[in-house]
Amino acid sequence: MTLYFMYSLKLHQFIPAITTWPSQRHIVVELTTFARHKLIPWTFKSDEPQEVVVYSSNRKKGKSRGRGSNRGKRTPFTRHIVAVGDLHGDIANARRVLRFADVIDEHNNWSGNVDFFVQTGDIIDRGDDTIVLFLWMERLRAQAAEVGGTVLSHLGNHEWMNAIGDWRYVYPSELKTFGSIAARQRMLTSGRIGRAWATNYTTASRLPLHPFIGPPNTPYPPPHSFALHMQQDDDDLHWRDGQESESEQSEEEIMSHAALSFVHGGLSPSYPELTPFPTRINELSDTLLARLQNRKQPPPHPPHPYPGFPPETSPEEIRMYSANGPLWYRGWAMQPEEVVCAQVDDVLQKTGTRRMIMGHTPDFKNIKSRCNGKIIIIDTGISHAYGGVLSALSVHYTLTPIPNSPNTKQKQNQDNEDDHSHRWMEREVISALYADRQEIIVTDEREVVGTFRHHEFHDGDWEDEDGEMEERKGSGEVQ
């Protein structure tokens, strides 16, 4: 402990991250292990290699995420994600899609059969069911949280148009469901829909495939991404700067991009606010939405002039809403294959993701996959306003332990090494779901090595291994 206090008192001035408990816990483990190795090395002989448990995320309705009964045995981890694109005021088709995607049951309630349901925006406009759709989404959000599920919701360009006062795609019949222009403005600002937007909706999301790298919307790169790695050897304790070969990568680096990005329009390669992702985009989204909701509401356009943004709106906020921003960008859907495939890896690298999923640009026949599933466009014109195909995207992720052979186990006992006991097979199966069929878009597999601990999710908060709770936007219920 003396080593620990000397270490932290000296370095906390330079590396603020070590003042947090997770970092301090890591320091304690590393320093005590080093001291034990040097001062009482004979105790290492009696230590048995132990495997860290990865708890399964499989859940049934009414049950929370369970732990394995044998804490010494690794168990497979699974995560099932369903994503749906633009709904545009059509509750009937929305329910049909969520039902065949197994997100809801026959009573239109949360089924408990998926871990995450993601909707990429444009619930509003072109149809009459604005109120019932948004309130239904809030009900599903609350029901999901009760059994450990999560609903991630996004603001599309049409939600933003309505917040600005651009009502070009508001049907007169939809306006009647609110009662009046003033009542609609109140509902979208201070009313239940407006509060839901401010509380539970983001413009961008980063959804990890495995909780080892954090809860939804954990930023990439991390706030303290310059990591100093402590390494023990028989002669000295020294530091290295993270320039490692692939075989020396840490578990965090191995899994750093095991995540999906979701936005409504797309993440342009030239958009300057990509990092940290999605934090920077959502900071701009939050401040701009607050400006629009808190100002005196202008008369809607049309027939009145286009109201535009409040005078105090920043250039960065305006750029977020531009044609090159995440709400309107169509390049991934419209540009030639050779162009987008040459650009996509750079954006994935910057955002800490493997695939980007978006709506906005419809293909009325099928979900569109490009560059071997690195780009997936899920708007298929679900609303009767378009008459497109009903569809949903399904992502099945599994992390399965690779068992040891008897020879490997014997060698581990002899050498007191357990690297091979942490081998896993990582698998992603991405499928397009339709009312009458399922089509696999891509299947990816790879072997990874590490001790990937499972974090638990309780009622909108993520619990770390010490039981500390962390709240994340997008999990609350709007009353």
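Is H264 buried or exposed? In this predicted model, H264 has a relative accessibility of 0%, so this histidine counts as buried.

## Around H264

Let's start with where to find this residue. H264 sits in a loop, with strand β8 (259-263) on one side and helix α11 (279-294) on the other.

The side chain of H264 has polar partners to look for on your screen. One of them is D122, whose side chain makes a polar contact of 3.1 Å with that of H264. Another is N157, where the side-chain contact with H264 comes to 2.8 Å. Buried H264 is thus joined through its side chain to D122 and to N157.

## The disulfide

Now for the cysteines. The structure contains 1 disulfide, and C341 and C371 are the residues that form it, with 2.1 Å between their sulfur atoms. A disulfide is a covalent bond linking the sulfur atoms of two cysteines.

The S-S torsion of C341 and C371 is about -100°, which means that the disulfide is left-handed. Helix α14 (residues 337-351) carries C341, while C371 lies in the loop between β10 (368-370) and β11 (375-377), so the bond ties together parts that are 30 residues apart in sequence.

## How accessible are the two cysteines?

The partners can be taken in turn. C341 has 28% relative accessibility, so this cysteine counts as partly exposed. With buried meaning under 20% relative accessible area, C371 counts as buried because its value is 10%.

Technical notes. Residues numbered from 1 in each chain as written. Predicted model: local features only at pLDDT ≥ 70, side-chain atom pairs only at ≥ 80, totals over all residues. Heavy atoms only, no water. Helix = DSSP H or I, 4+ residues; strand = E, 2+ residues; numbered from the N terminus. Buried < 20%, exposed > 50% of the residue type's maximum accessible area, 1.4 Å probe, protein only. Polar contact = N/O pair within 3.5 Å; in protein donor to acceptor, adjacent residues only side chain to side chain. Disulfide = S-S within 2.5 Å.
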